[in-house]
Amino acid sequence: MARRTIIFRCLLTACAVLFGVHLFSRQRAHVPTDSDQTPWEGLASPSRPLAASFLVGTNRSSNAQRASSVSVSRSYPDVTAVILNWSRLPNVVQIVSLLCGPWLEDVIAEIVVWNNNPKEIAYQTFAETGCPSEKLKIYNSPHNTYFQARYVACEQATTRFCFLQDDDYLIMPEVIRTLHARVFGTPDHSIHLLPPHEVLSTQLRTTVTSDGVHTSSAWLGHGTILPRTGAADFLALLHHLNASEDEMKMADNYFTILNNRIPDVWFDQGIELGGGQPFTVGMEGDERNKIHVINASRYLATLLNAFRASDISHKSKLPFIEVDAVTPAGHEVSQAPCLGDSCLLQTNIPLLPSNLKAESHSADDIVMQELRSIQSLGKDAVDHFLRFPPSQAVDGRPDTAFRSPFPARRGDFVSLDMLSRMGSASDSTIEIALLVTRETVDILRQVQFESSPDAVNWVVSTHELVCEETELTGLRGHRSPPRKLQECSVQSQETDHRFFRASLQVDIPSSPHWMIYEFWIRWLA
């Protein structure tokens, strides 16, 4: 299904600055559609391990292996995947083929294809995927229920969690596994995968008022995991509001806002499939979404005011709404799942200026707040946010990079959550490895490398940082020619740990910027 496509474009005139709401989404790989190729052909996958070293002809490159998280076996899978079909049925077949594969058999219990298209589909359409009929359920809706369908399907599921996605996006198995592993740490709310332009929109729409509003909007179609009870409570709230048919259909615009919790969003690693006719098209679609976003914000403010003005006890709160919302711990930490293996990048390196505040006078100011923030940022800052997101440090590609918009400062960190403890091996060591620019090497020499079993108790590595020049060339700078990249590594003090972190301990006079092409953990024999 379609999702809103927002492009930020800066139009400068001699007298004023005019900003349209359009965001340039970064180019993504398109998946081949030849019948003899799987949907993930040519991509990093569990059967296609990524390089453990970018140094050619060295002992390290031959003796190293990328570390993989140890799977925590569970007695049964506990996720229902819900896919909406409208005009991209071949895409849906590809998505089902991936979701039903062996790499997710301990995660995905059932797949529901909700067909909003008037042309009915049957199981035979998916026969080539090999997905058994007892796992794949198809529902031909008598009419187009739009986005409401995914919540109804989730509410009717029998599993603890639901995974939602549209029909124009492919999410790799390792990313879904990362979502699944992390949702257990926060089992009462959703996690949203978003491309950089959508992450920016969510951050700039974050609204906090003195009346208890503490929210933002986040789309669900790029890949979202949520508890089944969350979908049920959300639908109950819409019925409590006597929401109109149009409001029910456009439910995605209401979900995170009415939850009154700043949504947990990750920079995504999805592959855009394209094809078909999207639902949200052009300015008309964007304007429709804006209307519903503002309407959701007004609903939220009205409900919170009524709740506080009444004698309703805290034991009988409205469904779904977090009436005592607070800013979550780690709100300033950016996150991105890894490609090639299940892990999660986390960093507190600022991506936006600190003077951009979430405070607002009223909830229905949410869209205008985004516009004001875009105007304050300017075109260059927006362009940098879209071109160098943190996800590019863990996408398995040495030709993309995460670059900080501001000079490195004391307290900056980048870390990897490997989702489970790595285990121990008497004849092997764990190394933290980064592919970086020479400028970033200056930062790493002032970094403290640490590991932890629980992200609370950290053990500092006493080993020396080693950096060697590769044959890879970095991206061309604004004023400098491209230079050879450096592969830096340091041995971890412990092997049986889950979290690995590099923390900058001092400010650096030369004011270098972070530029990380790859960040990974490896075993070294």
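A residue counts as buried here when its relative accessible area is under 20%. That cut-off applies at several stops of this tour, which follows a predicted model.

**The whole chain**

The chain holds 12 helices and 25 strands. Of its 525 residues, 56% count as buried. Among contacts with a separation of 6 or more, 81% are between residues 24 or more positions apart.

**Strand β9**

Next, select residues 191-194, which form strand β9, and display their side chains. In a regular strand, side chains alternate between the two faces of the sheet. In β9, I191 and L193 point one way, whereas H192 and L194 point the other way. All of these residues are buried.

Select residues 224-227 for strand β12, which pairs with β9 in the antiparallel sense over 2 bridges. Within this pairing, I191 stands opposite I225 of β12. Then select residues 264-267 for strand β13; here the pairing with β9 is parallel and extends over 4 bridges. The bridge partner of L194 in β13 is F267.

Two packed helices are described by the angle between their axes and the distance between the axes.

To inspect the contact itself, display L200, S201 and L204 in α5, which meet Q369, E370, S373, I374 and L377 in α10. By class, this contact of α5 with α10 has 4 nonpolar, 3 polar and 1 charged residues.

**The six-stranded sheet**

For the last stop, colour the strands of the open sheet of 6 strands, whose order is β15-β16-β18-β24-β20-β21. The pairing in this sheet is antiparallel. Its edge strands are β15, at 334-337, and β21, at 459-460, each of which pairs on one side only.

Within the sheet, select residues 344-347 for strand β16 and residues 413-417 for strand β18. These strands run antiparallel and are joined by 4 bridges. Finally, pick L344, whose bridge partner in β18 is D417.

Technical notes:
Residues are numbered from 1 along each chain as its sequence is written. This is a predicted model: local features need pLDDT of at least 70, side-chain atom pairs count only at pLDDT 80 or more; totals for chains, interfaces and linings use all residues. Side-chain values use heavy atoms; hydrogens and water are left out. Contact means heavy atoms within 4.5 Å. Ala, Val, Leu, Ile, Met, Phe, Trp, Tyr, Cys and Pro count as nonpolar, Asp, Glu, Lys and Arg as charged, and the others, Gly among them, as polar. Buried means under 20% relative accessible area, exposed over 50%, partly exposed in between (1.4 Å probe, protein chains only). Two strands pair if DSSP finds at least two bridges between them.
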